[in-house]
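Subject: Structure for you to look over

Hello,

Here is the structure I said I would pass on. My notes on what turned up in it follow below.

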Amino acid sequence: MENCEIRSIRSSNNKDVTIEVPPSKSYMNRALFCAALAEGTSVLHNPSYSDDSKYFIHALHAFGIRTEHQKNALLVYGTGEKLQIPNKEIFVGNAGTTLRFLTTFAALAKGETVLSGDVQMQQRPIQDLLDALHSAGIHSESANGFPPVKIYGGKFLGGELKMNATISSQFLSSILLCAPYSQNGVTVKIEGSISSRPYVDMTIDVMKKFGVSVELADEHTFKISSQKKYTRREYTIENDASSASYFFAAAAITKSEVTVKNLSAHSLQGDIAFLDVLEQMGCRVNKKRNEVSVTGKKLNGITVDMNAMLDAVPTLAVVALFADGVTTITNVSQLKFKESDRMTAIATELKKVGAEVEVYDDSLVIIPQKYSSATIETYNDHRIAMSFAVAGLCIEGIGIKNPSCVSKSFPGFWDEFSKLESTK
């Protein structure tokens with residue numbers, strides 16, 4: 001049933017604030033994958049309990065992996081690839097990373113695994129991953145290349161695989177993470193470009209921390225041996241750069257200063273580069289060892305390739321509303337395959353609040369116009385909800401439908417966001 005709740009946004013308090021953002025679900029899910037396959041107990045400090053990570057944890061339970069919650073830590077009792085067959089279908093909501101990672105993870109379980117998701121998840125393509133797995137010895141069934149999918153696991157041969165990763169880097173990450181447990185090792189040759197390449201770098205980094213190295217023969221060829229397996233370890237989850245982007249955007253448009261604690265400007269997370277985009281638009285950015293501050297200044301429209309930080313596109317689109325001149329966002333065709341069709345969602349909602357928007361196959365052109373109050377349709381997409389909430393700090397009369405959808409990545413978003421709002 002659709003959530004009819006609307007969260008009204010109050011105007012900015014125009015005060016300097018300090019924000020806490022949650023752990024990265026992207027790092028969390030990669031660490032969960034490695035810890036589950038390692039032999040023995042790993043300790044994940046600063047764990048994410050976003051909806052996406054909860055779905056992943058529950059799925060691991062279905063494969064026989066035990067976890068235990070402790071104060072600001074999660075214990076994962078790895079089984080060294082000895083997996084049970086889930087006794088029922090695994091439902092992951094709209095958690096794309098979870099479903100795509102589990103698709104290859106299930107290849108190690110000797111039997112049939114069924115993975116499904118909500119209506120939007122069933123519109124997110126997965127055929128490129130299934131094709132690569134087929135060439136590695138894993139048979140599957142799907143709904144014409146979309147979830148739900150059935151994986152017939154137990155014979156992950158590996159070998160040389162060709163893969164198209166233009167729709168999602170998650171396809172490549174899924175195979176890389178599982179490759180040490182193939183029979184013959186894996187060499188992945190990428191055909192074309194890799195969407196959101198920084199997420200692949202994150203995958204390789206987590207694998208290395210758990211004891212497995214990925215050899216880069218060239219920019220598009222990844223080699224992983226089956227001789228080394230993951231080892232148990234203690235691992236701290238970084239805080240989330242994507243979640244921080246909304247508060248940096250708030251600083252930009254309100255011309256105030258926002259500081260995000262426990263965030264490194266040197267993170268491998270792709271969305272940390274959103275800071276460079278804001279600097280290009282005119283903001284002042286102060287990067288310290290373990291915190292980042294953004295101070296809003298007069299904003300200028302820019303042209304920028306956002307393929308490496310697709311999750312920050314809705315945030316930038318909102319900032320563009322308050323810039324002088326046109327902002328052009330390029331190389332973002334993959335937005336059509338996110339939690340919603342974000343190309344359409346961004347354009348539709350921007351037009352409501354005060355912009356002319358031109359939509360092309362892989363780009364958005366945003367031309368600020370007169371601002372208008374509006375109720376924002378979020379399409380059950382956490383990033384649409386959080387980014388357009390920022391607009392409400394400067395545009396009166398903005399309401400956010402289904403505000404609880406933010407729990408997908410940032411359960412405490414509204415508590416932190418209220419620090420930006422006036423108390424009137």
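Lys150 is partly exposed, with a relative accessible area of 25% in this predicted model. Its side chain meets that of Glu112 in a salt bridge, at 3.8 Å from N to O. The two residues sit in distant parts of the chain: Lys150 belongs to strand β9 (residues 146-152) and Glu112 to strand β7 (residues 112-116), 38 residues apart. Glu112 is also partly exposed, at 44% relative accessibility.

That pair is one of 21 salt bridges in the structure. Two others are worth a look.

The side chains of Lys261 and Glu20 form a salt bridge of 3.4 Å, N to O. Lys261 is in strand β15, while Glu20 is in the loop between β2 and α1 (25-37), so this contact ties together parts that lie 241 residues apart in sequence. Lys261 has 34% relative accessibility and counts as partly exposed. Glu20, at 32%, is partly exposed as well.

Strand β2 (residues 17-19) pairs with strand β15 (residues 257-261) in the parallel sense, over three bridges. Within that pairing, Thr18 has Thr259 of β15 as its bridge partner. Strand β15 is also joined by five bridges to strand β17 (residues 291-295), and those two run antiparallel. There, Glu257 has Thr295 of β17 as its bridge partner.

The other salt bridge is between the side chains of Asp311 and Arg342, at 3.3 Å from N to O. Asp311 lies in the loop between β18 (303-305) and α9, and Arg342 lies in helix α10, so the pair ties together parts that are 31 residues apart in sequence. Are these two residues buried or exposed? Asp311 has a relative accessible area of 12% and is buried, because the cut-off for buried is under 20%. Arg342 is buried too, with a relative accessible area of 0%. Both residues belong to one network of salt bridges with shared partners, which joins Lys25, Asp52, Asp311, Lys338, Glu339, Arg342, Asp381, Arg383 and Lys408.

Arg342 leads on to helix α10, which covers residues 342-353. The helix has twelve residues and reaches 16 Å from its first C-alpha to its last, close to the 16 Å expected at 1.5 Å a residue. Its buried residues are Arg342, Met343, Ala345, Ile346, Ala347, Glu349, Leu350 and Val353. An α-helix has 3.6 residues a turn, so residues three or four places apart point the same way. The elements that cover the buried residues of α10 include α9 (313-320), α11 (382-391) and the strands β20 (355-359), β21 (363-368), β22 (374-376) and β23 (398-401). Just after α10, Gly354 takes a positive phi of about 135°.

Finally, the chain as a whole. Its secondary structure comes to twelve helices and 23 strands. Along its principal axes, the C-alpha trace spans about 60 × 45 × 45 Å. Buried residues make up 59% of the 424 residues. Of the contacts between residues at least 6 apart in sequence, 73% join residues at least 24 apart. The accessible surface comes to about 16300 Å², and 46% of that belongs to carbon and sulfur atoms.

Regards

Methods. Residues are numbered from 1 along each chain as its sequence is written. This is a predicted model: local features need pLDDT of at least 70, side-chain atom pairs count only at pLDDT 80 or more; totals for chains, interfaces and linings use all residues. Side-chain values use heavy atoms; hydrogens and water are left out. Helices (H or I, at least four residues) and strands (E, at least two) are DSSP runs, numbered from the N terminus. The expected span of a helix is 1.5 Å times one less than its number of residues. Buried means under 20% relative accessible area, exposed over 50%, partly exposed in between (1.4 Å probe, protein chains only). Contact means heavy atoms within 4.5 Å. Two strands pair if DSSP finds at least two bridges between them. Accessible areas come from the Shrake-Rupley method with a 1.4 Å probe; for residues, only the protein chains shown count as cover. A salt bridge is a side-chain nitrogen of Lys or Arg within 4 Å of a carboxyl oxygen of Asp or Glu.
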